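Student: Hi! Could we walk through this structure together, one topic at a time?
Tutor: Happy to. Ask away.

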Amino acid sequence: MDYELPEELRMLQETVRRFVDRELIPIERETMEGPKLKPEAQEMLEEKAKAVGLWLYDVPEEYGGQGLGLLARAVVWAELARTIALPSRNVNIFGPIVSPILYFLNDEQKQRYLYPVLEGKLRHCFAQTEPDAGGDPGNMRTTAVRDGDDYIINGTKRFITGAADADFAQVIAATDREKGSRGGISAFLVDMDTPGVNLLRAQETMMHDRPWEIAFEDVRVPSENMIGGEGDGFKFAQNWISAGRIRHGARGIGVIERCLELGASYAKQRSTFGSPLAERQSVQWMLVDSYADLHMLKLMVYAAASKHDDGGDIRYDSYIVKYFGDTKSFEAADKCMQIHGGLGLTTDLPIEHMWRDQRSFIITEGPTEILKMALSRHVLRQYGD
Ligand SMILES: Cc1cc2nc3c(=O)[nH]c(=O)nc-3n(C[C@H](O)[C@H](O)[C@H](O)COP(=O)(O)OP(=O)(O)OC[C@H]3O[C@@H](n4cnc5c(N)ncnc54)[C@H](O)[C@@H]3O)c2cc1C
């Protein structure tokens with residue numbers, strides 16, 4: 001793996017960096033209202049994203065987007081993560097958010113769901129997690145039971161991002177609880193106004209996010225709303241989450257870089273006991289540790305994304321990228337906070353925001369321990385007699 005990005009990706013990187021430095025960082029404490037961008041910030045930033053040539057950068061070309069590969073998208077994600085101006089989950093200034101699962105729909109489903117999403121007419125959410133099954137979705141209790149030409153869905157989903165704004169949900173439910181993740185989990189397109197779908201409450205979190213709890217009570221869904229075949233749901237959900245893990249690593253790159261920029265600048269300016277902090281070995285080592293982590297993370301993310309773009313299987317690479325990226329970027333934010341002393345705890349700087357977000361990512365979309373559990377099987381298969 002060549003550490004240098006290809007020329008066209010270096011240009012893309014510079015474009016996004018300029019956009020972040022000029023348009024986002026100067027207003028990064030003014031753009032958000034709760035978990036969303038303020039409407040005026042949304043409108044203004046969409047126009048700027050179009051002007052800079054990033055509109056629909058992650059949508060495949062056959063659907064009218066730019067069809068950037070995973071390495072190119074990772075470059076964009078890394079640069080965007082240098083600012084807290086945008087939501088850390090569900091960034092939508094580059095066009096509508098399109099769950100990659102929707103590209104697997106059949107033609108008739110695409111007409112009803114994918115194209116309206118691409119046109120900005122419909123919004124969706126992804127409902128897998130439950131009160132009793134999060135990191136272990138194979139054990140989910142929400143069931144979809146066949147009844148003639150329909151399925152009847154019953155259960156409760158928790159922590160569902162964007163549920164209140166969604167027109168439909170991609171619901172992951174058990175069609176055979178005994179089989180669980182081995183062919184017993186299916187995926188459905190469920191309109192949010194279907195009788196029996198009830199938003200229960202938004203959960204406050206230590207971040208900006210306000211995910212929802214949703215009850216499904218005897219929700220009747222036609223069988224043509226199943227994505228793929230019966231038992232394919234786990235595969236679709238995991239596929240979506242796998243690609244998302246590279247995003248976590250890329251995000252970590254941007255966070256560590258910003259923390260290095262802030263930490264090094266402050267260490268040079270701030271003197272205690274007659275010397276700048278930058279001359280203290282304990283402070284230097286904090287910066288050096290973050291720098292080394294940044295270097296390793298870049299290599300991991302670029303290698304995994306390139307392998308994916310070349311058609312390789314990155315399941316295990318993506319586990320490593322996610323847990324390393326989330327953990328090391330959280331540590332970098334923590335070190336940056338320490339270097340800044342009391343100032344690091346204030347909302348004058350973006351550090352506390354990054355610290356809270358990065359801490360949350362160590363849990364969401366696959367807690368570190370569960371990723372390591374899956375990796376340990378791979379390691380034990382590969383090494384030893
Ligand atoms: C802000 C936010 C947004 C979210 N958005 C969505 C969404 O849109 N859609 C959706 O479906 N879900 C969403 N989630 C859910 C999220 O992905 C889950 O919270 C996450 O997967 C962990 O599941 P859990 O909370 O049930 O933890 P559990 O699976 O109960 O795990 C709890 C803890 O136990 C430990 N643990 C678990 N298993 C093991 C093991 N085998 N070995 C060792 N330790 C273990 C880990 O430390 C873990 O953190 C969201 C969550 C949040 C907070």
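Student: Where does Glu 130 lie?
Tutor: Glu 130 sits in the loop between E3 and strand E4 (143-147). Keep in mind that this is a predicted model.

Student: And is Glu 130 buried or exposed?
Tutor: Buried: its relative accessibility is 3%, and the cut-off for buried is under 20%.

Student: Which side chains join Glu 130 in polar contacts?
Tutor: There is a polar contact of 2.7 Å between the side chains of Glu 130 and Thr 142. The side chains of Glu 130 and Lys 157 are joined by another, of 2.8 Å.

Student: What else is Glu 130 in contact with, leaving aside neighbours within four places in sequence?
Tutor: With that exclusion, the contacts of Glu 130 are Met 140, Arg 141, Thr 142, Thr 156, Lys 157 and Arg 158.

Student: Let's switch to the ligand. Which residues come nearest?
Tutor: There are 20 residues around the ligand, and Phe 126, Thr 129, Gly 135, Phe 159 and Glu 369 come nearest.

Student: What do Phe 126 and Thr 129 each place by a nitrogen atom of the ligand?
Tutor: For Phe 126 it is a backbone N or O atom, 2.8 Å from a nitrogen atom of the ligand. For Thr 129 it is an N or O atom in the side chain, 2.7 Å from a nitrogen atom of the ligand.

Student: And what lies 3.1 Å from an oxygen atom of the ligand?
Tutor: That is a polar backbone atom of Glu 365.

Student: How much of the ligand does the protein bury?
Tutor: The protein buries 67% of the 980 Å² that the ligand exposes when taken alone.

Student: Which elements give two or more residues to the shell around the ligand?
Tutor: Strand E3 (124-127), strand E5 (150-160) and helix H9 (368-382) do. H9 gives the most, with 3 residues.

Student: Zooming out now, what are the domains?
Tutor: The domain assignment gives domain 1 (7-99), domain 2 (124-227) and domain 3 (235-382).

Student: How many residues of domain 1 and domain 3 are in contact?
Tutor: On the domain 1 side, 21 residues are in contact with 29 residues of domain 3. The C-alpha centres of domain 1 and domain 3 are 20 Å apart.

Student: What about the largest nonpolar core: which members touch the most others?
Tutor: Leu 24, Leu 80, Phe 94, Ile 246 and Val 301 do, in a core of 58 residues. At least two residues of this core come from each of helix H1 (7-24), helix H2 (39-51), helix H3 (70-80), helix H5 (233-269), helix H6 (281-309), helix H7 (315-340) and helix H8 (351-361). H5 supplies the largest share, 10 residues.

Student: Why does this core lie between domain 1 and domain 3?
Tutor: Because domain 1 (7-99) and domain 3 (235-382) both give residues to this core.

Student: What is Leu 24 in contact with, leaving aside its neighbours within four places in sequence?
Tutor: Leu 24 is in contact with Phe 19, Leu 45, Leu 80, Thr 83, Ala 85 and Leu 86 on that basis.

Student: Which residue's side chain is joined to Gln 358 by a polar contact of 2.9 Å?
Tutor: That is Arg 251, which lies in helix H5. Arg 251 is buried, at a relative accessible area of 15%. Its contacts, leaving aside neighbours within four places in sequence, are Trp 77, Ala 81, Ser 88, Asp 357, Gln 358 and Phe 361.

Student: How far is Arg 251 from Gly 325?
Tutor: Their C-alpha atoms are separated by 7.8 Å, with the two residues 74 residues apart along the chain.

Student: Last one: is His 340 buried or exposed?
Tutor: His 340, found in helix H7, counts as buried at 4% relative accessibility. Leaving aside neighbours within four places in sequence, His 340 is in contact with Leu 262, Gly 263, Tyr 266, Leu 349 and Ile 351.

Terms used
Residues numbered from 1 in each chain as written. Predicted model: local features only at pLDDT ≥ 70, side-chain atom pairs only at ≥ 80, totals over all residues. Heavy atoms only, no water. Core = buried A, V, L, I, M, F, W, Y, C linked by side-chain atoms within 4.5 Å. Buried < 20%, exposed > 50% of the residue type's maximum accessible area, 1.4 Å probe, protein only. Helix = DSSP H or I, 4+ residues; strand = E, 2+ residues; numbered from the N terminus. Domains from an automatic or database assignment. Contact = heavy atoms within 4.5 Å. Near = heavy atom within 4 Å. Polar contact = N/O pair within 3.5 Å; in protein donor to acceptor, adjacent residues only side chain to side chain. Areas by Shrake-Rupley, 256 points an atom, 1.4 Å probe, with all protein chains shown as cover.
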